[in-house]
Amino acid sequence: MTKIVEVKNLNFSYGAFEVLKDVNFSIENGDYVGLGGYNGSGKTTLVKIILGLISPNSGDISVLGKDLKKFKQWSRIGYLPQNVSLFNPIFPATVYEVVSLGLISKKKFPRRITKADEKTVDEALQELEILDLKDKMISDLSGGQQQRVFLARALVNDPELLILDEPSNALDAKTRNNFFNLLNRLNKKKGMTIILITHDIGHIGEHANKLLYLEKSVVFFGKLSEFCHSEKMEGVFGHESQHLICHQH
Amino acid sequence: MNISFLEFISYSFVQRAFISGIFVGVLCSILGLFLVLRKLSLIGDGLSHVSFGAIAMGLFFGLYPIYFAIPVVILSSIFIVKLTHKAKIYGDTAIGVVSSVGLAGGVLLASISHGFNVSLLSYLFGNILAISTSETYLSIALSLFVLVTVYLLYYELFSVTFNEEQANVTGIKSDKINLLLVILTAITVVLSIRVVGIMLVSSFFILPAVTALQISNGFKSAIFVSALVAIVSVISGICASFYLDLPAGASIVIVNFIIFLFSFLWRKGM
């Protein structure tokens with residue numbers, strides 16, 4: 001299997017505060033990885049390092065087969081950040097304009113959006129069933145609708161790797177189900193590799209096929225079936241937590 | 001005044017005022033939109049204070065003040081960005097530090113020299129109707145340079161303004177775009193001083209942008225509305241100043257504010 005993300009001996013600290021310590025794992029093509037851990041366990045920091053937003057203190061990272069330091073094909077990665085609604089509420093952008101921003105990663109200077117790109121944006125909006133919102137102002141939408149707009153932006157390039165940071169926070173139960181069904185479809189039908197950060201370990205058991213559990217270092221990384229049958233993990237998590245994850249699986 | 005509009009616009013000083021005013025107004029209004037949305041509206045105010053010091057320095061050394069001010073204000077804008085990152089202080093604080101030093105420097109030089117206080121005061125309020133031909137050419141050249149740069153880097157500026165983190169994930173170097181934005185702003189501030197004066201420069205950046213935010217229905221539409229408001233304000237302001245014998249810079253600002261007021265009331269459905 002092709003390695004989509006490979007992390008070796010990764011260390012990161014904010015000043016004297018150690019956030020990640022000797023982190024090692026590799027994610028393969030088509031994996032759906034649930035990235036779990038307590039608040040402050042380093043999940044978001046790890047993802048920001050993989051996305052090149054933060055530089056690690058030490059360690060080697062390769063993304064889609066390339067050393068992260070030399071990686072430039074950002075259109076192959078889709079990213080849905082935490083708290084997407086925290087953009088400037090007076091920003092005068094339409095849904096179309098926001099989603100089309102996702103396309104500029106594969107453009108060369110001077111970057112321009114073409115008629116063909118408009119069709120691509122329409123398809124992304126259609127996939128998320130929000131084509132009717134195309135000309136609406138992003139600030140006029142509900143939290144759930146905004147979430148789908150930002151997911152459309154992350155998906156507009158048809159990425160090979162999709163990274164989502166706590167995506168279900170702003171969603172009601174029905175929208176959340178549709179959202180996770182869509183992720184399952186992208187993973188199973190398109191073979192898209194997904195990294196889903198969540199502190200809700202029940203979600204991981206329900207949707208992912210692998211678990212990466214972080215507490216500064218990797219506590220567990222592997223298939224959920226391995227996790228569920230691991231006595232060592234039962235010792236770490238306790239019977240109830242392990243059961244909660246595995247029951248959903 | 002008792003002359004027709006056609007006669008009025010046939011004067012070369014009026015033509016120069018319209019051309020410089022429209023170019024600089026459009027420039028300020030477009031950059032202003034990016035600055036307002038990035039909560040950097042007061043950088044125009046801060047850099048205009050730095051211009052005061054730079055113009056005083058130019059007069060002190062017997063150099064043409066505007067030409068001297070351009071590199072000084074550009075360097076100050078870069079210093080603001082570096083100070084924000086390196087000294088770990090907020091952007092508005094860095095603007096406050098640099099602008100107060102610029103203003104204090106200008107006051108000290110004016111006090112030491114005793115000779116150019118009148119010239120310096122003329123820069124405080126500007127006089128668009130006294131713009132020279134060479135200043136008009138400079139306004140056109142630098143305005144075109146800034147406008148072409150904004151056109152070529154439109155999506156980079158839009159993306160970084162909307163969400164810096166997401167812009168970085170699409171491969172845009174947001175720190176470089178931020179630096180470029182403040183350098184373009186620095187050039188524009190110096191250009192605006194002859195039109196509107198140091199005291200009122202920031203209004204040229206802020207008012208058309210906030211008017212556009214009231215009535216636009218998209219980002220491109222906001223840029224278009226902001227530029228249109230600036231053009232209408234400049235033309236109306238210059239006409240009002242000529243016919244009513246009022247200061248031009250202040251007239252343009254008041255027209256800008258009236259348009260903002262109407263747009264605000266229109267949005268509220270009144």
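In this predicted model, six strands of chain A, written as 6 strands in the order E6-E7-E8-E3-E9-E10, form an open sheet with mixed pairing. Its edges are strand E6 (77-80) and strand E10 (217-223) of chain A, each of which pairs on one side only. With direction ignored, neighbouring strands of this sheet are turned by 15° against each other on average.

Within this sheet of chain A, strand E3 (residues 32-36) and strand E8 (residues 193-197) run parallel and are joined by 4 bridges. One residue pair can be named here: Leu35(A) has Ile197(A) in E8(A) as its bridge partner. Helix H1 (residues 43-50) of chain A packs on the sheet, where it touches E3, strand E7 (161-165), E8 and strand E9 (210-215) of chain A. The direction of helix H1 of chain A makes about 145° with that of E8(A).

Tyr213(A) has Phe220(A) as its bridge partner in E10(A). The hairpin of E9(A) and E10(A) has 1 residue between the strands, and Lys216(A) takes a positive phi near 70° in this hairpin.

Chain A also holds an open sheet of 4 strands, in the order E2-E1-E4-E5, with antiparallel pairing. The edge strands in this case are strand E2 (17-28) and strand E5 (66-67) of chain A, each pairing on one side only. Strand E1 (residues 3-14) of chain A pairs with E2(A) over 8 bridges in the antiparallel sense. In this pairing, Val5(A) stands opposite Ile27(A) of E2(A).

| Strand pair | Sense | Bridges |
|---|---|---|
| E3(A) and E8(A) | parallel | 4 bridges |
| E1(A) and E2(A) | antiparallel | 8 bridges |

Turning to chain A as a whole, its secondary structure comes to 9 helices and 10 strands. The radius of gyration of chain A is 18 Å, close to the 18 Å that the globule rule gives for 249 residues, so chain A is as compact as a globular protein of that length. Taken along the principal axes, the C-alpha atoms of chain A fill a box of roughly 55 × 40 × 35 Å. Of the 249 residues in chain A, 41% are buried. Among the contacts in chain A with a separation of 6 or more, 69% are made by residues 24 or more positions apart.

Chain B has 13 helices and 0 strands. From the N terminus on, its elements accordingly read α-α-α-α-α-α-α-α-α-α-α-α-α. A compact globule of 270 residues would have a radius of gyration near 18 Å, and the 19 Å of chain B agrees with this. The C-alpha trace of chain B spans about 60 × 55 × 30 Å along its principal axes. Buried residues account for 51% of the 270 residues in chain B. Residues 24 or more positions apart provide 74% of the contacts in chain B that have a separation of 6 or more.

One helix pair of chain B can be described in detail. The axes of helix H8 (residues 154-162) and helix H10 (residues 174-196) of chain B come within 10 Å and cross at roughly 105°. H8(B) and H10(B) are therefore roughly perpendicular to each other, since angles of 65 to 115 degrees are counted in that class. H8(B) contributes Glu156(B), Leu157(B) and Val160(B) to the contact, while H10(B) contributes Ser174(B), Ile177(B), Asn178(B) and Leu181(B). By class, the residues of this contact of H8(B) with H10(B) are 4 nonpolar, 2 polar and 1 charged.

Ile43(B) lies in helix H3 (residues 43-60) of chain B. Ile43(B) has 28 other C-beta atoms within 10 Å and is therefore buried, the criterion being 20 or more. Apart from its neighbours within four places in sequence, Ile43(B) is in contact with Leu35(B), Ile95(B), Val182(B) and Thr185(B). The C-alpha atoms of Ile43(B) and Ser77(B) are separated by 8.6 Å, although these residues are 34 residues apart along the chain.

Finally, the two chains meet. In this interface, 21 residues of chain A are in contact with 20 residues of chain B. The side of chain A that touches chain B consists of 14 nonpolar, 4 polar and 3 charged residues.

Technical notes: Residues numbered from 1 in each chain as written. Chains lettered and ligands numbered in written order. Predicted model: local features only at pLDDT ≥ 70, side-chain atom pairs only at ≥ 80, totals over all residues. Helix = DSSP H or I, 4+ residues; strand = E, 2+ residues; numbered from the N terminus. Rg over C-alpha atoms; globule rule 2.2 N^0.38 Å. Buried ≥ 20, exposed ≤ 12 C-beta atoms within 10 Å, placed from the backbone. Contact = placed C-beta atoms within 7 Å. Nonpolar A, V, L, I, M, F, W, Y, C, P; charged D, E, K, R; others polar. Pairing = 2+ DSSP bridges. Axes fitted to C-alpha atoms, helices over the stretch in contact; angles between N-to-C directions. Parallel < 35°, antiparallel > 145°, perpendicular 65-115°, else oblique.
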